[in-house]
Amino acid sequence: MRPNRRTVAASALLCAALAAAGCGVGPGGEVGEASLTVSRDFGTERLSPPAAEAVSESDTVMRMLDRNATIETRYGGAFVDSIDGLAGGRRAGRPHDWFFYVNGLWSPVGAAEYPLRGGDSIWWDYRDWSASTRVSALVGAWPQPFASGYEGERHATAVECRGGGVACATVRARLGDAGAELTRVGAKGAIRVLVGPWARLRGDATAATLEDGPGESGIYASFEPDGDGYRLTGLDRGGEPARRFGRGAGLIAATRRFGAPPVWLVSGSSPAAVRAAAELLDGADLADRFAVATEGGAETPLPIPVRPPR
Amino acid sequence: MRSPFAYTPRPGPLQSASPGAAVVYLGALVAVAFLYSSPPVLIAAGIGAALAGHTAGADRAVRAALRMGLSLALLIVVVNALVVNRGETVLLRLGELPLLGRVDVTAEALAAGAAIGLRAAVAMIGFAVYSACVDPDRVLRALRPIAGRSALTAALISRLVPVAAADAARLRDAARLRDPAAAPLGRAALVRRLTAGSLDRAVDVAATLELRGYSLTRPDTARGVRGVFKSRFDGRFYAAGAVVLLAAIVGKLLGADGFHAYPTIQLGVGPATVAVAVIVALSGLAPWRRNAPRRRGAPRSAGA
């Protein structure tokens, strides 16, 4: 039986509609290159060399991970249980699991549902989550999220200078070099970078979550009142104070609340400390860090590393 | 026409067995389907259940369950492929669809759907054989001492289904006897009529059940429980059910269920898987009877 013209026309129309909707056979064409980092204990130990590879239209965080590591999943393939044999569970009485970040941000959806774009930076970290179930943002993906954006969209960056002085100019310059699109303070949807001494930054509602502990802010540090100022205290992975820094210590950290754009903090006890923190804004100092403290020219990753349970 | 799932008395071992033995035997096969995801074992459980139905003479029930089960399995495969994006091997990209969002059809989602569908099909075959071969009156009689009201409720439900099927068949026959030029009777009209009369029919069934003694109080245990049925075939079915369950549990502990759909399809078929599959499939021969009685109407041999 020969198909009539109407059938042929309807079939052609359907094919055209499907093609226009992005349909096709197989994984689809390349959309750029993405990088993958696998580490443990808040980035203190890399478990495999960083991988960078071309990703296709249908690629997800899970698919890229599966191509580069041996993984086991649970809940119908939705949850990564183990990577290269390192499985979630309790170690030394503390809960450990795998968490992933895309462009330095904790994902609101599972790895199997997160579509990849060219330029994305994926980081899987196996960590103790007893102190904080949700570290919503981190700084170790620099220059992301400023360069490529997050959750499928590019976002401008607003530097909010709150007594940061020359540190603000340093921050703007570093962000510009990294490819960030700088915009005015208060611009809708912009990533915020707060620069200034902690006494000034703590007035911001998002920054103030730092004082509520890592359970709220996801940052393993706090500023404790000290005379007429504040001093930085580094917390360990259990959220307990582990090191009290001097008055010249600076901090670079990131946080995020309720799906709003991420907020980066470039702060310290004093203007000099803020300047020192601003100098850390580069890939070498921030790579693989959740947050970084600096004192006397030496960087300390946060949370304060302790010997992890094996 | 009788429903293929309606109980038909036959002189086979499964029909003669006590309800407990039949439930343990068929329940073990269904339990295997829910314990395992491995396709070889699921297929073996399906073969076992179908074989049990065939040897017990319930071919119509098995065929009907196979048709329904495989249709359901196909539906599950399609739905799973559309709603689950997980899996490494992308076969088709369907783009962004309303309600579903981004849809990638993956080999892994198809395989996972097939395993779930197979499980559903096995369960349907098992229940079909149970329905066609196990006397519901015996089951309810066995249950009544334990839970009288539940037994009555179960009796009503289990009786109403064949009653509704018989009513539907009568209505369909009546519709065929109308003027040949009359409009064909649609399914919706048939269902509407059956639903409208369901309450009356339920009352009829309840009254019949009452007359048959379902409303009586619990039997006097001092005089012994009347009607507790035992058969010489019980041991065979209890043993077959126990062997199947034991093999399934031991096999599971030995890693016989080596199937993972995500993130990539992994199917482990080791000696344990093969052993479990063989035991489960062969258990379908339990209702087999060496000297099957001659069917009514079959020609007798000369001189008999």
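Reader: Is B:Arg102 buried, partly exposed or exposed?
Author: This is a predicted model, and the values are computed from it. The relative accessibility of B:Arg102 is 21%. Buried would need a value under 20%, and exposed one over 50%. So B:Arg102 counts as partly exposed.

Reader: Which residue does B:Arg102 meet in a salt bridge?
Author: The contact is between side chains, at 3.2 Å from N to O. A salt bridge needs these atoms within 4 Å. The partner of B:Arg102 is B:Asp104.

Reader: And B:Asp104, is that residue buried or exposed?
Author: Its relative accessibility is 3%. The cut-off for buried is under 20%. B:Asp104 therefore counts as buried.

Reader: Which strand forms a hairpin with strand 2 of chain B?
Author: Strand 2 of chain B covers residues 101-106. Three residues lie between the two strands of the hairpin, and B:Leu99 in the turn has a positive phi of about 70°. The other strand of the hairpin is strand 1 of chain B.

Reader: How many bridges join strand 1 of chain B to strand 2 of chain B?
Author: The two strands run antiparallel. Within this pairing, B:Leu92 stands opposite B:Val105. The number of bridges joining the strands is six.

Reader: Which strand of chain A pairs with strand 1 of chain B?
Author: The pairing is antiparallel, over two bridges. A:Gly24 stands opposite B:Arg93. A:Val25 has B:Leu92 as its bridge partner. The strand of chain A is strand 1, residues 24-25.

Reader: How many residues of chain A are in contact with chain B?
Author: On the side of chain B, 17 residues take part. Together the chains bury about 1,600 Å², 44% of it on carbon and sulfur atoms. The count for chain A is 24 residues.

Reader: How many salt bridges does the rule find across the interface of chain B and chain A?
Author: One example joins the side chains of B:Glu88 and A:Arg67, at 3.6 Å from N to O. Across the interface, the rule finds four.

Reader: Which element gives the largest share of the side of chain B that touches chain A?
Author: The interface also has 12 residue pairs in polar contact. Two elements of chain B give two or more residues to this side: strand 1 (90-97) and strand 2 (101-106). The largest share is seven residues, and the element is strand 1 of chain B.

Reader: How many residues on that side of chain B are charged?
Author: The side that touches chain A has six nonpolar and five polar residues. The charged residues number six.

Reader: How many strands are there in chain B?
Author: Chain B has 304 residues, and buried residues make up 40% of them. Its helices number 11. Its strands number four.

Reader: Is B:Asp257 buried or exposed?
Author: B:Asp257 forms a salt bridge with B:Lys252, with the closest N and O atoms 2.7 Å apart. B:Lys252 is partly exposed, at a relative accessible area of 36%. For B:Asp257 the value is 16%. That is under the 20% cut-off, so B:Asp257 is buried.

Reader: Which residue forms a salt bridge with A:Asp226?
Author: A:Asp226 is buried, with a relative accessible area of 19%. It belongs to a network of salt bridges that also links A:Asp228, A:Arg231, A:Arg244 and A:Arg247. In the pair with closest N and O atoms 3.8 Å apart, the partner of A:Asp226 is A:Arg231.

Reader: Why do strand 4 and strand 6 of chain A each have one side without a neighbour in the sheet?
Author: Three strands of chain A form an open, antiparallel sheet in the order 4-5-6. Strand 4 (71-74) and strand 6 (86-87) stand at the edges, so each has a single partner strand. Strand 6 pairs with strand 5 (residues 79-83) over two bridges. One of these links A:Ser82 to its bridge partner A:Ala87.

Reader: Which strand of chain A holds A:Gly89?
Author: A:Gly89 counts as partly exposed, at 31% relative accessibility. Leaving out residues up to four places away in sequence, A:Gly89 touches A:Arg94, A:Pro95, A:His96 and A:Asp97. A:Gly89 lies in strand 7.

How values were computed: Residues numbered from 1 in each chain as written. Chains lettered and ligands numbered in written order. Predicted model: local features only at pLDDT ≥ 70, side-chain atom pairs only at ≥ 80, totals over all residues. Heavy atoms only, no water. Pairing = 2+ DSSP bridges. Contact = heavy atoms within 4.5 Å. Buried area = accessible area lost by both parts, 1.4 Å probe. Polar contact = N/O pair within 3.5 Å; in protein donor to acceptor, adjacent residues only side chain to side chain. Nonpolar A, V, L, I, M, F, W, Y, C, P; charged D, E, K, R; others polar. Buried < 20%, exposed > 50% of the residue type's maximum accessible area, 1.4 Å probe, protein only.
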